[in-house]
Amino acid sequence: METKHWTVSQQSFDKKAMEEAAALLKKGEAVAFPTETVYGLGADATNEQAVRKIFEAKGRPSDNPLIVHVAEKEQLKDLVEEVPAVAYKLLEAFSPGPITLILKSKGAVAPNVSAGLDSIGIRIPSHPVGLRLLREVALPIAAPSANISGRPSPTKAEHVAHDLDGRIAGIMDGGPTGIGLESTVVDCTEAVPVILRPGGVTAEAIQEVIGTVMVDPGLAGGEKEKPKAPGMKYTHYAPEAPLYLVEKGMQQHADKLTEAGEKVGIIATEELAQTLQSEQIQICGTRRDLSTVAEHLYDALRHFKRSDVSVILCESFDKHGVGAAIMNRLEKAATGRIGAEGNVNW
């Protein structure tokens with residue numbers, strides 16, 4: 001398959017590119033486009049055959065549900081049975097933006113979107129290019145991350161092309177994404193809302209708006225028979241080489257592995273990198289502002305190729321604020337963790 005490429009400025013939209021991409025989506029093709037979190041691989045959520053192309057291109061398990069993207073809050077009435085008061089509050093506070101709400105489905109989308117569940121995940125992205133495309137196509141668009149399933153999510157169009165060129169109909173390049181981690185997923189079908197996936201909107205920010213919110217206990221990797229949200233059941237975000245999270249003593253562990261004959265790559269913040277002696281360091285942001293780590297994390301995970309390194313060591317972070325989302329992704333990507341005493345576990 002020949003993949004069409006468009007480059008679109010966030011300031012001045014290319015009307016022809018938007019029309020071409022929207023026409024492909026309406027014809028049942030899969031098109032990648034930017035959101036403020038990561039690039040999404042979109043298809044008409046009401047067309048089962050179109051949605052199947054997403055799973056085929058990504059190699060994604062069919063029991064992993066997809067998030068539906070819309071341009072306007074008014075579109076929810078066609079897709080869900082009701083919008084509870086708590087969901088309205090979250091929409092008003094964070095949407096358009098990096099939050100996905102799980103609501104009771106009306107059954108208007110194709111069955112392979114929701115993986116047989118009676119609920120549906122919906123969000124309104126805030127990226128100007130992605131939002132403009134959604135308005136142009138005027139359809140609910142199912143869109144997981146635009147990458148090969150299990151690999152780091154794409155935050156640049158070049159990441160999408162590396163994984164999916166020749167597999168999908170089009171790639172719309174709207175520049176690097178801003179937040180860099182997928183949306184926060186909140187289940188609003190329960191009496192008390194539950195965070196199923198941490199992301200760009202923190203648990204602390206959600207609590208300020210709606211009060212009590214639970215965090216799903218299986219976030220660290222618990223298996224679900226029927227996951228309600230992406231990222232809950234399968235291994236995700238893995239780089240090409242084995243990845244180990246390091247709690248303390250990065251230089252010591254890197255030296256030990258090097259002495260054992262390994263070619264070691266290190267992912268670290270600016271602060272830690274300044275203390276290390278290594279030719280293979282990829283800086284992922286600063287500890288002073290973990291939003292910079294979120295923004296650059298997937299790019300860092302894609303940086304090292306198996307031909308360059310045999311093992312990757314990555315700095316660990318506190319699970320507070322956006323750190324919870326960062327560690328959720330890293331724990332799913334990692335082969336193991338090196339503790340303070342040098343022992344490797346999980």
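Which residue's side chain does the side chain of N147 join in a polar contact of 2.5 Å? In this predicted model, the partner is S145.

N147 sits in the loop that runs between strand 7 (141-142) and helix 6 (157-164). Its relative accessibility is 2%, so N147 counts as buried, the cut-off for that class being under 20%. Leaving out residues up to four places away in sequence, N147 touches K58, P152, S153, P154, D163, L164 and R302.

T184 belongs to strand 9 (residues 184-187). T184 counts as buried because its relative accessibility is 0%. A polar atom of the T184 side chain lies 3.0 Å from the backbone nitrogen of G199. G199 is also among the residues that T184 touches beyond four places in sequence, a list that includes P98, I99, T100, I195, R197 and I206.

| Residue | Element | Relative accessibility |
|---|---|---|
| N147 | loop between strand 7 (141-142) and helix 6 (157-164) | 2% |
| T184 | strand 9 (residues 184-187) | 0% |

The largest core has 63 residues, and within it M172 and I206 touch the most other members. Neighbours within four places in sequence aside, I206 is in contact with L90, F94, I99, T184, V186, I195, V201, G211 and V213. A second, separate core consists of 27 residues, including A294, L301, I312 and M327.

Definitions and conventions
Residues numbered from 1 in each chain as written. Predicted model: local features only at pLDDT ≥ 70, side-chain atom pairs only at ≥ 80, totals over all residues. Heavy atoms only, no water. Helix = DSSP H or I, 4+ residues; strand = E, 2+ residues; numbered from the N terminus. Buried < 20%, exposed > 50% of the residue type's maximum accessible area, 1.4 Å probe, protein only. Contact = heavy atoms within 4.5 Å. Polar contact = N/O pair within 3.5 Å; in protein donor to acceptor, adjacent residues only side chain to side chain. Core = buried A, V, L, I, M, F, W, Y, C linked by side-chain atoms within 4.5 Å.
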